Amino acid sequence: MTRIGIVGAGAAAAAAAYALESASDDVSVTVLEKSGGLCGRAATRRRADVTYDYGANYVKSDDERVVDLLTETLETDGLVDVTDPVWTFDADGQISEGRDADDHKWTYEAGLTQIGKRLFARTDATIHRNTRVKAISRESAAGTWRLEDDAGDQWGPFDALLLNPPAPQTAELLRSAEWDVDTDADAETGLRDRLADAAEAVPYRTIWTGVFHYPFELDVPYYALVNTDKAHEIGWIGREECKPGHVPDGESLLVVQANHEWSVDRYDDDPDATLEALAELTADLLGDDRLLEPDWTDYQGWRYALPEDGVDREPVRAAEDVDLYCLGDWVAGEGRLHAALRNGLETGERIAENVSN
C-alpha cells in the first residue's frame, strides 16, 4: 500500500485524490486541511435560506475534462448554470455589455464547495480538518516524508507528499523543511531551495471581499460586472440571486471583490469600516443609493487569492523524482477553478502511474 499525504483540501487536492484512487487500489490517502471546510477558494457559506459563493464564483466550461467530470462523472443533482451575462466596466464606472454570454458558468444549489465534497466522497481518503501543517521533513534514505502540525502531532511516514497551499505558503513550508539530502543523489541537491524560489516568485493578487444582502430585487440585465482595465477600486460584482437555489425571490445578495491595491491597503483595517467603504463604491457604480444600507453583511480577506502567473516548471517536475508534488492553480498557470481541477486530475494520474510501475 502506497501512503499518500496531502497538505490542503483545495479543488486540486480533491481532484488528485479522486484520480489516484480511481486509477489504483494500492494507495492510502491522508489529507490535512487547516480550515474547517473543503475545496479552498471554491468556498460557500449559508445564512438562513441564503447560499453564497464568496471566493471563486463558478466553474467555466473551458476544459473538456472538467466539463466531463461535472456533467458525466459526478452526480449532477443540484448542478446549476448561471445563464445571465457578465458585463464590464472601466475606471470611470462606465458599464458596457460584456463577455462570456454563451459560456457555461456552473455552480451548485448548495454552492461550489460541493465539487470538493463530491470528489472526496468518491475516495477512501481520511481528511483531518482544522489541522494546520507547520513543518515537513524528508528522510532520503527511507524515501519518505513526514509532517508536523501546529499542535506538535506527527503524521506519516508518506511515500509521496502533495502540497496544495497557495505558492507563498508552499514556499514557507519548503524553506523550513528538514530535508535530509543524500549528497550522492543529484536529483535532491539544491532542490528544496530551487523549488522554494520558484514558488516564492509566483505573483499573487490579494482580494478583500464584501457580501451585501438586501430585502429587495435589483432590476439589471446582467449576472455580474467585471472591471476590465483593473483601474477601478472594485474588480468584480456578482449577483448570487442569479444562481438557482441561492437567494429567495424578492431578495438580492451582492458579492463584491475589491481590486488588489485597494484590498492590500485595507486588508487589516476594521472590517465594518471597510464594508461601509465598499458599499459606497458599489452604490456609486450601480447608481443605486439603496445599496448603501444592506440588512446584513459578511466579508472575507483572501491574501493569496489568485496567481497572476505560473511557476517555473523545472523544479516542480524535478521534485516529483523524490515523490514531492505541487498542485493547484498556480502550478497550472491560470487562476481559474477549472485549471486547478485539471491540474489535480493530471497530478493524481501521474502518481498512480508511478505507483503501478
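Guide: Helix α1 (residues 11–23) and helix α3 (residues 114–121) have axes that come within 8 Å and cross at roughly 20°. This is a predicted model, where local features need pLDDT of at least 70, side-chain atom pairs count only at pLDDT 80 or more, and totals for chains, interfaces and linings use all residues. Residues are numbered from 1 along each chain as its sequence is written, and side-chain values use heavy atoms, with hydrogens and water left out.

Visitor: Why are α1 and α3 called roughly parallel?

Guide: Angles under 35 degrees count as roughly parallel. The α1 and α3 axes cross at roughly 20°, so the pair is roughly parallel. The crossing is also left-handed.

Visitor: Which residues of α1 and α3 meet?

Guide: From α1, A13, A14, A15, A17 and Y18 meet G116, L119 and F120 of α3; contact means heavy atoms within 4.5 Å. Seven of the contact residues are nonpolar, one is polar and none is charged. Gly counts as polar, while Ala, Leu, Phe and Tyr are among the nonpolar ones.

Visitor: What lines the second largest pocket?

Guide: R313, V316, R317, E320, V331, A332, E334, A339, N343, E346 and R350 do; lining residues have an atom within 4 Å of a pocket point. α8 (313–319), α9 (329–332) and α10 (337–356) each give two or more residues, and α10 gives the most, with four.

Visitor: What makes six of the lining residues charged?

Guide: Asp, Glu, Lys and Arg count as charged. The lining has R313, R317, E320, E334, E346 and R350, so with that rule six are charged, beside four nonpolar and one polar.

Notes:
Axes are lines fitted to C-alpha atoms, for helices over the stretch in contact, and angles run from 0 to 180 degrees between N-to-C directions. Angles under 35 degrees count as roughly parallel, over 145 as roughly antiparallel, 65 to 115 as roughly perpendicular and the rest as oblique. A crossing is left-handed if the near helix is turned anticlockwise from the far one by less than a right angle, and right-handed if clockwise. On a 1 Å grid over the protein atoms alone, a cavity is a set of points where a 1.4 Å probe fits but cannot get out, and a pocket is an open set with protein on both sides within 12 Å along at least five of seven lines; lining residues have an atom within 4 Å of a point.
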